[in-house]
Amino acid sequence: MGLLDIVPAGVITGDNLRKLYAYASKHAFAIPAINCTSSSTINAALEAARDNKSPIIIQFSNGGAAFYAGKGISNKGEAASILGAVAGAHHVRQVAKSYGIPVILHSDHCAKKLLPWFDGMLAADEEYFAKHGEPLFSSHMLDLSEDSKEENIEICVKYLERMAKINCHLEMEIGITGGEEDGVDNSEVDNASLYTQPQDILDIYNAFSKITDLFSIAAAFGNVHGVYAPGNVKLHPELLGKHQEFVKKELGLESDKPVWFVFHGGSGSTEQDIATAVNFGVVKMNVDTDTQWAYWAGIRNFYEAKKGYLQGQVGNPDGANKPNKKFYDPRVWVREAEKTMVDRVQQACKDLGNVNVL
Ligand SMILES: [Zn+2]
């Protein structure tokens, strides 16, 4: 039985989202969450997933959402970030079904100072729910990992209570995902902030599961945001397995993988580390840096190959009067960017075992 026997194509929320993550956890694959900043990058991600026969997660960062609305408008009070996230969400909802795949619509990192953005998106979810019986977004992420664990949980719980009413999923982060430019060697350090402790996971699980099971945890296991050469990062994805065991044992649960984990800062990690993380219950992995490069690479390659045709509107190596419109039309070179991005998203799906699962 494939995934499309369980959940429909198009944007999925609530119970369908629950079914999808449960299915992914059971079959040990994870879904890449692609950071998108435009209709072009959204379409590329959807196209890649369709051709791979896999579900996909489209997510907007705070800055990406503002960019979607347009750099020309003010982001005072997070106005542009709210507008862009909602506009992007409607674009995804409008086209997703035509790609024939299940799509999770998500917003990325929201730190405490960006809470007005979160509030704005939630208001849009509630408005959508009143009309359609489901939220606009499938899920949102709250990142209060820089605050104390107690405050992190407290604020998340407050939001989760509101989100549970509209069947919206919450992703939270605990522990510090590093992001320094030069790879600080933390291989000997086993401190509580770089490596989330089992007790932290249990505390979150206890507090959240009283409200709903629609939540996931981005735990720190030595991951870093940004790009490093493989091997530079000491990842300990096996810690996730320890967390699962601990929660199961402490609460006397049936499931071997009671927690849905999210993998942040995965750029540059080895296939083995990714596979281990997925086996221990990672159902979502963020992909941003690598698809940014892929998008650019398509344009760079095109320019290098067609340089002589891109120096003026008229005149190229074939003749001084030859027009160049079919080279500089944005649909041509933006499409080249989309093609290389499609390839990279498909690679991410492959790395996560998320191929031919529909
Ligand atoms: Zn993170």
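Reading the zinc site and its surroundings

Helix α9 is followed by G281, whose phi is positive, near 105 degrees. The model is predicted.

Q: Which residues of α9 are buried, and what do they pack against?
A: The buried residues of α9 are D273, I274, T276, A277 and V278. They pack against α8 (238–251), β8, β9 (282–287) and α12.

Q: What makes H109, E173 and H264 donor residues of the zinc ion?
A: Distance decides. A donor atom must be an N, O or S within 2.8 Å of this metal. H109 gives NE2, E173 gives OE and H264 gives ND1, at 2.0 to 2.2 Å. These values fall within the cut-off, so the three residues coordinate the zinc ion.

Q: How are the donor residues of the zinc ion spaced in sequence?
A: The spacing reads H-x63-E-x90-H. E173 lies in strand β6 (residues 169–174), while H264 lies in the loop between β8 (261–263) and α9 (271–279), so the pair ties together parts that are 91 residues apart in sequence.

Q: Why is E173 called buried?
A: Buried means under 20% relative accessible area. E173 has 2% relative accessibility, so E173 counts as buried.

Q: What about H264: buried or exposed?
A: The value for H264 is 1% relative accessibility. The cut-off for buried is under 20%. H264 therefore counts as buried.

Q: Why are α5 and α6 called roughly parallel?
A: The axes of α5 (residues 115–132) and α6 (residues 149–164) cross at roughly 15 degrees and come within 11 Å. Angles under 35 degrees count as roughly parallel. The crossing angle meets that rule, so α5 is roughly parallel to α6. The crossing of α5 past α6 is left-handed.

Q: Which residues of α5 and α6 meet?
A: From α5 come L115, F118, D119, L122, A123 and E126. From α6 come Y159, R162 and M163. They divide into six nonpolar, no polar and three charged.

Q: How do you know whether N152 is buried or exposed?
A: N152 lies in helix α6. Its relative accessible area is 0%. That is under the 20% limit, so N152 is buried. Leaving aside neighbours within four places in sequence, N152 is in contact with L144, S145, M172, E173 and I174. One of these, E173, also coordinates the zinc ion.

Q: And E154: buried or exposed?
A: E154 is in helix α6 as well. Exposed means over 50%. E154 has a relative accessible area of 57%, so E154 is exposed.

Q: How far apart are E154 and I204, in sequence and in space?
A: They are 50 residues apart in sequence. In space the separation is 9.7 Å, C-alpha to C-alpha.

Q: Why is N167 called partly exposed?
A: N167 sits in the loop between α6 and β6. Its relative accessible area is 36%. Buried ends at 20% and exposed begins over 50%, with partly exposed in between. N167 is therefore partly exposed.

Q: What is the phi of N167?
A: N167 has a positive phi of about 60 degrees, although it is not a glycine.

Q: Where is N356, and what is its phi?
A: N356 is found in the segment after α12 (330–351). Its phi is near 55 degrees, a positive value in a residue other than glycine.

Q: What makes N356 count as exposed?
A: The relative accessibility of N356 is 57%. The cut-off is over 50%, so N356 counts as exposed.

Definitions and conventions:
Residues are numbered from 1 along each chain as its sequence is written. This is a predicted model: local features need pLDDT of at least 70, side-chain atom pairs count only at pLDDT 80 or more; totals for chains, interfaces and linings use all residues. Side-chain values use heavy atoms; hydrogens and water are left out. Donors are N, O and S atoms within 2.8 Å of the metal (3.2 Å for Na, K and Ca); water is not among the atoms, so sites may look incomplete. Helices (H or I, at least four residues) and strands (E, at least two) are DSSP runs, numbered from the N terminus. Buried means under 20% relative accessible area, exposed over 50%, partly exposed in between (1.4 Å probe, protein chains only). Axes are lines fitted to C-alpha atoms, for helices over the stretch in contact, and angles run from 0 to 180 degrees between N-to-C directions. Angles under 35 degrees count as roughly parallel, over 145 as roughly antiparallel, 65 to 115 as roughly perpendicular and the rest as oblique. A crossing is left-handed if the near helix is turned anticlockwise from the far one by less than a right angle, and right-handed if clockwise. Contact means heavy atoms within 4.5 Å. Ala, Val, Leu, Ile, Met, Phe, Trp, Tyr, Cys and Pro count as nonpolar, Asp, Glu, Lys and Arg as charged, and the others, Gly among them, as polar.
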